[in-house]
Amino acid sequence: MSDRALHGVNLSGWLTLEPWVSPVLFADSGALDEESLVRSLGKRHYRDLVSEHRADFIKQADFVHIAARGFNAVRLPVPWYVFGDDGPEAGPFLGCIDKVDKAFDWADEISLNLVLVLDIAPGSASDQTSLVRNHDDFSHYRDDMVTVLGMLAKRYATRVSFAGIEVADSPVAQVRHGLTLTDGVPIHRLRNYYRDAYDAIRREAGDDVRVIIPDAGEPASWRHFMAHDRYKNVWLDCHLYHYTDSVKTAGPSGVRSLVNKSQKSLRAAKRSGLPVMVGKWSAALPFSDSMTTPEGRIALERVYISEQLNAFKDCDGWFYQTWKTDGKLSSWDARISLASFERRMLA
């Protein structure tokens with residue numbers, strides 16, 4: 001396995017539907033997530049829609065273009081129902097393991113690293129999976145997720161491009177503020193899940209594949225966790241979005257304050273003793289459009305991207321959010337956001 005840092009893009013909205021990536025799929029349905037879309041359209045119409053979308057949205061040409069832009073990796077979110085009827089009870093959802101197989105074929109052919117991520121968000125009230133009836137109680141479905149991770153590890157263990165597997169996407173940790181506990185999964189439950197997921201992956205794929213654990217928005221909570229001899233090749237993932245953050249001023253000083261927040265999070269994460277990657281980041285700024293001209297905003301986003309890339313230079317990997325959106329969202333779509341950056345800045 002190469003020691004070179006992983007620099008790549010997410011393939012969000014391909015195997016699981018995302019309204020911000022492909023809003024036309026949700027138009028006129030009244031749905032804001034995939035489970036609601038099934039209820040609105042009916043099982044047959046939904047399955048036809050998702051099959052057509054998966055066939056067209058990401059193709060081999062996308063992998064070629066990603067590599068040509070200087071990226072060496074992709075981060076692929078896969079749904080918990082990826083195995084269809086061969087995995088946990090899939091309900092109305094449509095499996096997509098054949099598409100994951102194709103992604104590995106395409107990545108192997110051009111030596112692109114592929115990181116799988118199980119697209120669940122324990123503790124999040126917005127987690128759209130039908131497994132989550134009570135988002136505070138991760139114990140209802142965590143064992144099924146460990147099983148799915150083991151199945152994925154076994155299936156792709158011998159693939160050259162298999163660079164890692166992340167055990168969840170965006171978990172939300174329960175934290176205490178004074179006498180109040182926030183919604184989310186208690187840290188000790190996440191830690192137990194991470195350990196069990198690690199063991200399942202190692203049983204099926206050995207020690208070479210990276211096991212990636214998300215920081216659950218609490219980068220300072222993983223100091224020395226899984227860093228001793230019993231655990232090998234474990235990475236910690238931070239998601240560094242700032243588009244909802246409060247800033248005192250817009251313009252360059254506001255950008256600098258946001259980058260400082262990224263650097264602070266990364267310093268806290270690195271105290272874990274684990275290699276750190278940034279699984280998701282974007283050019284989206286929290287400034288109102290009325291505060292700058294369109295040209296000025298583009299210039300600020302370019303400065304922001306450059307500053308973020310510099311902040312990530314010592315990380316073991318980063319993945320922009322995302323490769324592709326139907327509307328070519330300038331702050332989120334790598335084809336637009338990073339188009340003016342030279343290959344050497346991204347590689």
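Predicted model: local features only at pLDDT ≥ 70, side-chain atom pairs only at ≥ 80, totals over all residues.

Residues are numbered from 1 along each chain as its sequence is written, and side-chain values use heavy atoms, with hydrogens and water left out.

Helix pair. I looked up helix α7 (residues 251-270) and helix α8 (residues 294-311), whose axes come within 10 Å and cross at roughly 25 degrees; helices here are DSSP runs (H or I, at least four residues), and strands are runs of E of at least two. The two helices α7 and α8 are therefore roughly parallel to each other.

Buried residue. I found Asp-169 in the loop between β4 (162-166) and β5 (173-174). Is Asp-169 buried or exposed? Asp-169 has a relative accessible area of 6% and is buried, where buried means under 20%, exposed over 50% and partly exposed in between, with a 1.4 Å probe and protein chains only. The side chains of Asp-169 and Lys-280 are joined by a polar contact of 2.8 Å, a term for a pair of N or O atoms within 3.5 Å, of which, within protein, one must be able to donate a hydrogen and the other to accept it, and residues adjacent in sequence count only if both atoms are side-chain atoms.

Helix residue. I placed Ala-299 in helix α8, and its relative accessibility of 42% makes Ala-299 partly exposed.

Conventions:
Axes fitted to C-alpha atoms, helices over the stretch in contact; angles between N-to-C directions. Parallel < 35°, antiparallel > 145°, perpendicular 65-115°, else oblique.
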